[in-house]
Amino acid sequence: MTDRPILRFLDSRPVSRRTQKAARFPQPQGVGHQRQGERFHDQFKRLEAALASENAALELRSDPYGIAPERALVFVTAIPIANFARAARLIGLEVLSEIELEEDYNLPEDLIVEHQSAAPPTLYATMPTQDAFNQLLSLWRKYQNGETAPRNYAPWWRLFGMLAELRPWGPEDRFSLNYRIELENILFDDAEVRLELEHWPTQDQNKLKLWRRETEEKIDALGGRIIDRAAIHEEVFIYDAMLIGLAGSVVRDLIDNPSAPNGLATLDGLQFILPQTISQSLPSQSQPREAEKKDFEGFDMNSDFRVLLLDGTPVAGHRFLDGGVAIEDVHGLVNRSTVVNRRHATEMASLIMRGDIEYDCQPVDNSRLLAIPLLIDTEENATSPNDRLFVDLVHTALQRTFRGKEPLAPHVFVVNFSIGINRSNFAGRISSLARLLDWWANKEGILFVVSAGNVPHDLEIPSITSVEFENLSLSERQELIRTAKRQQRHEFTLLAPSEALNALTVGAASVDLTPPPINVSPNAFKVQEDKEITPAMSTGLGLGPFRAIKPDLIGIGGYHEIRALPEGKNMRLSVVPRSLRTGLTVAAASSGTAQTRSRGTSCAAALVTRALLNAAAALTEEGGPYYGLNLSRNDLALLTRALAVNAARWPEAANKLYNIEKERLGGQRHRQAAEEVARHFGHGFLDSKLMHEAPLHGVTLVGLGQVKKDKGTIFDMPLPPSLSGDSVHRSMLVTLAWFSPVEPRRARYRLAALEAIAADGDMMNEEEEDKEWYLAMKSEPPGIDLIKRGTVWSRRMVDKRFRAPQFNDEATLPIRVQCRDASGGGLNPDEAIPFSIAVTLQLEETVNYDVYQEIRDRLLIRLRGESSK
C-alpha cells in the first residue's frame, strides 16, 4: 500500500446545467424553393406521374435504378438536419442510417456554407412505403408553393432547402470501391471467395424476412452457398448478416460491373457487401528460451474473474499462469489450436497477470483471468475461423460471460481485446464490431481495452537509399519519418474495432522495461533517442470517429528495432520481427517455464489492462478511497478508465512534435498541431503508478456520479490553505469518463457529452463560471475543442500567473459536471448517465507544506461534519 493513496470526493450536489453561449453560426437557409425546384424537377415529376397511375408501385419498381417503394432512398444534405428522424416518422418514413460524409464530398457551389467542418454534409438512408411517397410529394408541393411548414414538419423544409442529392441507395453504395479493390487483390477465379452481406438495420421483422428470402434466392441463382448467419437484435443495435461463398469468377463479374441487372449488388435489402471479416493477432516471432529457476508468488485461487481475454487460446498450465487463468471454450476452438502455436494469447495473459517477467512477475491484485478463445492459433498467427461471422462470435462470448441464469464471469469489469480486423484501417465509417463494443460498454458497464493495431506493412521512404539514410543525423531521420507518415497516413490509421468511442484504445510506445540482455543489432537503425518515449513506428494512429482523440493513450509496448530495406532509389523501414535483444519478457507457448520477448500494441494493451486491475484493487483495499464499499462493475470500469487517462501525460517527444507542427503549419493553427500530436500520443503516455497514488507534491481525488441531459452536479474540492497567495508553479488535470448511450443508425451516434467547468450554485448564466479555475490556471494542449469529441474529457491546465490567488482557509473549488445531448435530439432526458471524475493538483517544486495532507485533512473534517448531522 502507498503512503499517498488516491482520495475520494464527498458526494456531489445536483444543479442545472449552465447555459453556454455556443458558437453562433448563421443558420443556412439554402438556395430557395425555386432553385431547388429546378434541381430536383425530374425526380419529383417522375414520382408524381408514377404515383398517379393505377399500379404505382409496380411502375416505380420497374426501373431497377430508380426511386421506388421498399427501396432505400437517399437524401444528401449540405448540413445535418436536426430532428429529421422524428419528422420522417410523421410520414411513415423509417431512417435506417445517417452518415456524415467526408470533407472531399463534392457539394454544389450554391449549397456550400461557412463553417462546413462543424456541419458536414450528411447522408440519410431511408426506406419509404408508397404512402410515405405520397406524403413526401405533398410536402414537396407545399414547399415549392412557398407555404410555411406545418407544425412539427420544419425539418422537412430545412431538408428541402439544403438538399444536394435525392437518389436510391445503389450498387456503388452497397459495394464500395475500397472493398472492390481489396477483393481484387486476393481474387482467384477458380477459388471460392467469402463475402459478408449486411441487411439494413430495421426494426421491421417482416421486411427482414423478405430481404433474407430475396438474398437466399439470389445466392442460389449465382451458384453460391450460405456458410453462416447472424441476427443480433439488441434494442438499438441491430446486425443481420450472412457469410456466403461465391465462385471467384462470379465475384470478378461483381467487381467489374456492380450495377449489372439482377446482380447481387442490386438487392434492395442489402446495405453493405464486404470482404469477410478476418480478425487476427500477431504473436512474437522470437524464439523461446527457458527461464531461470526462481520462486515467485502464486495466484489466489479464490479471487473472482475480473478480466476477460478475447484472443486465441492461452497455455493456462504454464508455470507463470497456472492458477490464475481459466479457459471457457464457448466456440469449440481450443482443439483447433496446437499448444506450440498458442503464443499470442499466452503472451497477453502473461503480461496481464505477471507484467514483464524480468521486471515484475508479481501476480495481479485480487483477480483471475477468464479466456474465451475467438481465434485459431497457427504457426504464422492467430486468426478467426473462416466459417463464422466474427461479430456474432464476439457477441455470443459476451452474452455467455455476463448474461443468463449462470453467467460465466459476472464480476469482470475489463475486457482485453488485442485483436485487429485485417485490412480494416479506419477511414470514417465505424465498423459493426466497434458499434457492438460501444453498445455493450454502455449497456453492461464494461471497459474494453482495445489495441490500436499493428500496421502490417513497412514505411516507405522515397528518394533516399539506405546508405544515405544511415548518414543522416537522428533529427533528420525523424523528419523524414514524420513526412512519410503524413503522406501515407491512410495506411497507418487505427485497425477496427479500436475506433470504438466507449473503448480505451491503446497505442504502443517503443519502450522496454528492462535493459537488453544482448546489444541491439548493429544492422538496426536508430530512430529515437535513448530512453525517449515515442510511439512505435508500426502502431495504428488516430484520430477516431468525429475526430475524437484516439488512441486514448500510449503504453509500454516493447522496444522496436528498425531496419532499412533497399528498394531501388527508395527504401523501406521495417520492424525487426524476431529478436531476443529487445521487447517485453513474457511466457512462451509451452507448459514449462519457457519465456520469450514480445512487442507491439497488443503488449501495450495488456500492460494497461494490468494497470487497470491493480488500480481497481487499490481503490478498495485498506486505506483506499472506497475501502469497505462495494463497487459495481460499472463503477470499477469508469473509475479505472478515468484514472488511466488522468495518469497519462504528453512526454517530451510529444511537446517537441507540437512545436514542430506549429512551425510547419504556420499562423495560429494550434488546434491542428494538437490534433497531429494526439493522432500519435492520444492524451499521453501512461504512468501506471499515478493510477493508485498521488504524484510527488500533489494530490489526486476521484468520485462517482450520475447526470441527466441539461443537468449538472457539483463536486467540491477543498483548496490547500497554504497555497493561498503562494508563488509556485502548479498544474491541474480534470478527467471525466462515461459510457455514452449510442444510436448506431445516427450519424452522430454518441448521444451524451459531458464536460466540467469551475462554477458554483444553481444559476445558469455564463458569468458564474471561473475560467481560471479559482487558481489562476490556463489550458494546455490538447485543448477544449479536441477533448470534447469522445467519451473521455480530460482537461490539462498550468498556472497562468506564478502567484496563486488569495483564498480563505475554508475555500473550495466547485467542479460542475454537466451533460448535453451530442446527437441533435437522441438523448432521453430521463436517462441518467453514470460517470467518474479524477482530479490531480500538483505543485512543480518542493515547498514547506504538503497539499496532499492539507486537502486530506479538510476532507476528513467535512466527512465528520456530515456524519454528525
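Trainee: What makes β8 and β9 count as paired strands?
Mentor: Two strands pair if DSSP finds at least two bridges between them. Strand β8 (residues 225-234) is joined to β9 by 9 bridges in the antiparallel sense, so the pair meets that definition. This is a predicted model, in which local features need pLDDT of at least 70, side-chain atom pairs count only at pLDDT 80 or more, and totals for chains, interfaces and linings use all residues. Numbering starts from 1 along each chain as its sequence is written, and side-chain values use heavy atoms, without hydrogens and water.

Trainee: Which residue takes a positive phi in the hairpin of β8 and β9?
Mentor: Glu235, with phi near 55 degrees; 2 residues lie between the strands.

Trainee: How do you know that β7 also pairs with β9?
Mentor: Strand β7 (residues 192-199) runs antiparallel to β9 and is joined to it by 7 bridges. Leu243 of β9 is the bridge partner of Glu196, and Asp228 also stands opposite Leu243.

Trainee: Why is β9 called mostly covered?
Mentor: Of the 11 residues in strand β9 (residues 237-247), 10 are buried. Buried means under 20% relative accessible area, exposed means over 50%, and partly exposed is in between, using a 1.4 Å probe and protein chains only.

Trainee: Why is Leu573 called buried?
Mentor: Its relative accessibility is 0%, so it falls in the buried class. Leu573 lies in strand β25 (residues 570-575), and its C-alpha is 5.2 Å from that of Leu459, 114 residues away in sequence.
Mentor: Arg4 itself belongs to the segment before β1 (7-8).

Trainee: How is the packing of α8 and α10 described?
Mentor: Helix α8 (residues 177-184) and helix α10 (residues 248-256) pack at an angle of about 145 degrees, with axes 10 Å apart. Axes are lines fitted to C-alpha atoms, for helices over the stretch in contact, and angles run from 0 to 180 degrees between N-to-C directions. The contact is made by Arg180, Leu183 and Glu184 of α8 with Val251, Arg252 and Ile255 of α10.

Trainee: Why are β12 and β26 called edge strands?
Mentor: The open sheet has the order β12-β27-β26, with antiparallel pairing. β12 (289-290) and β26 (584-587) each have a single partner strand, so one side of each is left without a neighbour in the sheet. β12 and strand β27 (residues 594-598) are joined by 2 antiparallel bridges, and Glu290 stands opposite Ala594 in β27.

How values were computed. Helices (H or I, at least four residues) and strands (E, at least two) are DSSP runs, numbered from the N terminus. Contact means heavy atoms within 4.5 Å.
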